[in-house]
Amino acid sequence: MMMSVELETAAGEVDAQQTHAYEVVFVRHGQSTWNKANRFIGWTDAELTEEGEIEARVAGQLLLSQEFEFDVIYTSMLKRAIKTAWVVLDELNQQHVPVTTDWHLNERCYGALVGREKKECVRSFGAEQVKIWRRSWDIPPPPIDKSSKLWPGNNPRYKFLMQDGESQVPLHESLKDVMSRSSAYWDEVIAPAIRSGKRVCVCGHENNLRSLLKYIDGISNADIMHVELPRAVPLVYHLDEDLRPMRLANSAEHLSGGYVGDPEEDGTPHPKIAAIQERDRKNVYDLSVSTNLEEVGTPRFAAKLDELGRPWDVDDFGGPAGGGGGEGDFTGSFLETGVGEESCGTPEISSKPLFLYNRGAGKTKGRGGGR
Ligand SMILES: O=C(O)[C@H](O)COP(=O)(O)O
């Protein structure tokens, strides 16, 4: 069924009564233990934290507030994304919906950065270099050593990626590398599902989702540097008959899609989306902020969820704005820095049960007007 929505055309003029053929929702996972520790994660299977579960519940409630229904959620082989999908479905009271996992949707393989504290990397290598490793189009971080326990090629879970006795698991990946696998999965699995009429959610990771959005939305190599996705804020895309994105009136910067709960306000993002992005930026690049802001709390949308955790206040994320790291030129070998694998630590696997809060029962009414 076609829906009438308020859109802008690709040329940017407001066109109030265009129609879209399809809708797809992207959700980045909630906080994991290594997000909380401010470490590079990649394919490391870090657990969702309690805060991360609450973030995922907020995502589910935002979707519930707009009566979304799904037929399938596609996600990675990593539990922080899988559990986020479960929690979203729990909030929607759509637990019957299949969650399909696939390695093509895994986070970027972060190479030798995996396990390292992000602000520490900025101190060692400079903000510019770290930004290139994190956000550039085709420059990968330094490769991880195959002998490292943190290389996923040593994890039996990925033995299906062995070919002629050699693991095909990458030692590092640029965003371009990630896009070559995520776009193949989009073309072969997700796009056909959407075309067949399935209401699709993709629950993923910062860089995996950036690669997919770049692919479907035609974001330039320069602009993709500036795309940062807040955790667990659902991003809605409207697609035409050919699965081309149609620009929403509340589209986020550089994107055609818009965040659920983000009203159109002169191009200014919702204050809480801006606050999440600013928190994330400061926590990596702002060396004048010594507090780990991931441990302070999480900016949230849904006021009613504040009863589930710490009330959020913008002052919690204080500290001077701006700033940045040291010099940006990375010239030496990564291993010469003296930062060894032992500093990466091991994943903190929580033994706590998921579903601390059972808030989903009996709430779904259905999204008016269908897809
Ligand atoms: O792998 C990671 O560390 C995270 O999923 C994303 O990290 P980034 O925001 O530093 O790219």
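Guide: Let's start with a helix pair: the axes of α4 (residues 118-125) and α5 (residues 127-135) come within 7 Å and cross at roughly 125 degrees. Those axes are lines fitted to C-alpha atoms, for helices over the stretch in contact, with angles running from 0 to 180 degrees between N-to-C directions.

Visitor: Why is α4 called oblique to α5?

Guide: Angles under 35 degrees count as roughly parallel, over 145 as roughly antiparallel, 65 to 115 as roughly perpendicular, and the rest as oblique. The crossing is roughly 125 degrees, and that makes α4 oblique to α5.

Visitor: Which residues make the contact?

Guide: From α4 it's Cys121, Val122 and Phe125, and from α5 it's Ala127, Gln129 and Val130. Contact here means C-beta atoms, placed from the backbone, within 7 Å of each other. The group divides into five nonpolar, one polar and no charged. For those classes, Ala, Val, Leu, Ile, Met, Phe, Trp, Tyr, Cys and Pro are nonpolar, Asp, Glu, Lys and Arg are charged, and the others, Gly among them, are polar.

Visitor: And what kind of model is this?

Guide: It's a predicted one, where local features need pLDDT of at least 70, side-chain atom pairs count only at pLDDT 80 or more, and totals for chains, interfaces and linings use all residues. Numbering runs from 1 along each chain as its sequence is written.

Visitor: What is the mean pLDDT of the protein chain?

Guide: The mean is 82, and 75% of residues reach 70 or more, on a confidence scale from 0 to 100 for each residue. Over residues 303-353, though, pLDDT is below 50.

Visitor: What makes Glu67 partly exposed?

Guide: A residue is buried with 20 or more other C-beta atoms within 10 Å of its own, exposed with 12 or fewer, and partly exposed in between, with C-beta atoms placed from the backbone. Glu67 has 14 such neighbours, so it counts as partly exposed. Leu243 has 17, so the label is partly exposed there too. Across the 371 residues of the protein chain, 45% count as buried.

Visitor: What is the phi of Glu67?

Guide: Near 60 degrees, a positive value in a residue other than glycine. Most residues other than glycine have a negative phi. Glu67 sits in the loop between α2 (50-65) and β6 (72-75). Leu243 also has a positive phi, near 65 degrees, and is in the loop between β11 (235-239) and β12 (245-248).

Key:
pLDDT is the predictor's confidence in each residue, from 0 to 100. Two residues are in contact if their C-beta atoms, placed from the backbone, lie within 7 Å. Helices (H or I, at least four residues) and strands (E, at least two) are DSSP runs, numbered from the N terminus.
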